[in-house]
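Visitor: I have a model open and would like to learn how to read its features. Could you walk me through it?

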Amino acid sequence: MSLFLVEYTYAPEKNPQRDEVRSDHRAWLADLVSRSIVLSSGPFADGNGALIIVDAADTDTVSLLFTHDPFAIADLIENVRITEWVPVLGQFSA
C-alpha cells in the first residue's frame with residue numbers, strides 16, 4: 001500500500017453547513033480509522049481546511065473513497081488535493 005495526503009480547503013461561508021454535517025463526517029472518518037484506511041486526520045488550526053493521511057492502493061482509489069465523505073456529498077469542500085506521500089523518517093515510514 002501507499003500513503004496519500006488528502007488536503008481539504010473549506011469556504012468560510014459554508015461553516016454553518018459543515019457544523020450541521022460534522023458528526024456524520026467524523027463518524028465516516030472514524031469508520032475508516034477503525035479499518036486502518038485513515039491513519040490520522042484533523043482540521044487546520046485556522047479552520048480553513050483539513051489534512052487526512054490515507055493508506056490506499058492508488059490515487060484513483062482515494063479519490064473514489066472520498067466521494068463518500070458526508071462533507072463531499074453535501075458540497076461543503078471547496079477544493080480537494082490528493083498527493084502520494086513517501087515518509088522516510090518517523091512513525092509513518094516503512
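Predicted model: local features only at pLDDT ≥ 70, side-chain atom pairs only at ≥ 80, totals over all residues.

**Reading the loops, sheet and surface**

Visitor: What is the phi of Ser36?

Guide: The general idea is that most residues other than glycine have a negative phi. Ser36 is not a glycine, yet its phi is positive, about 60 degrees. Ser36 counts as partly exposed because its relative accessibility is 47%, between the 20% and 50% cut-offs. Asp75 also has a positive phi, near 55 degrees, and lies in the loop between α3 (70-73) and β4.

Visitor: On to the sheet. In what order do the strands run?

Guide: In general, strands of a sheet pair through backbone hydrogen bonds, either parallel or antiparallel. Here four strands form an open sheet in the order β2-β3-β1-β4, with antiparallel pairing. β2 (38-43) and β4 each have a single partner strand, so one side of each lacks a neighbour in the sheet. On average, neighbouring strands are turned by 15 degrees against each other, direction ignored.

Visitor: Which elements does helix α1 touch?

Guide: Helix α1 (residues 15-34) packs on the sheet and touches β1, β2 and β3 (49-56). Its direction makes about 155 degrees with that of β2.

Visitor: And the surface: is Val88 buried or exposed?

Guide: Val88 is exposed, because its relative accessible area is 67% and exposed means over 50%. Val88 sits in the segment after β4 (79-85). Together with Val86 and Leu89, Val88 makes a nonpolar surface patch of about 380 Å².

How values were computed
Residues numbered from 1 in each chain as written. Heavy atoms only, no water. Patch = residues over 30% accessible without salt bridge, like charges linked within 9 Å, V, L, I, M, F, W, Y side chains within 5 Å. Areas by Shrake-Rupley, 256 points an atom, 1.4 Å probe, with all protein chains shown as cover. Salt bridge = Lys/Arg side-chain N within 4 Å of Asp/Glu carboxyl O. Helix = DSSP H or I, 4+ residues; strand = E, 2+ residues; numbered from the N terminus. Buried < 20%, exposed > 50% of the residue type's maximum accessible area, 1.4 Å probe, protein only. Pairing = 2+ DSSP bridges. Axes fitted to C-alpha atoms, helices over the stretch in contact; angles between N-to-C directions. Contact = heavy atoms within 4.5 Å.
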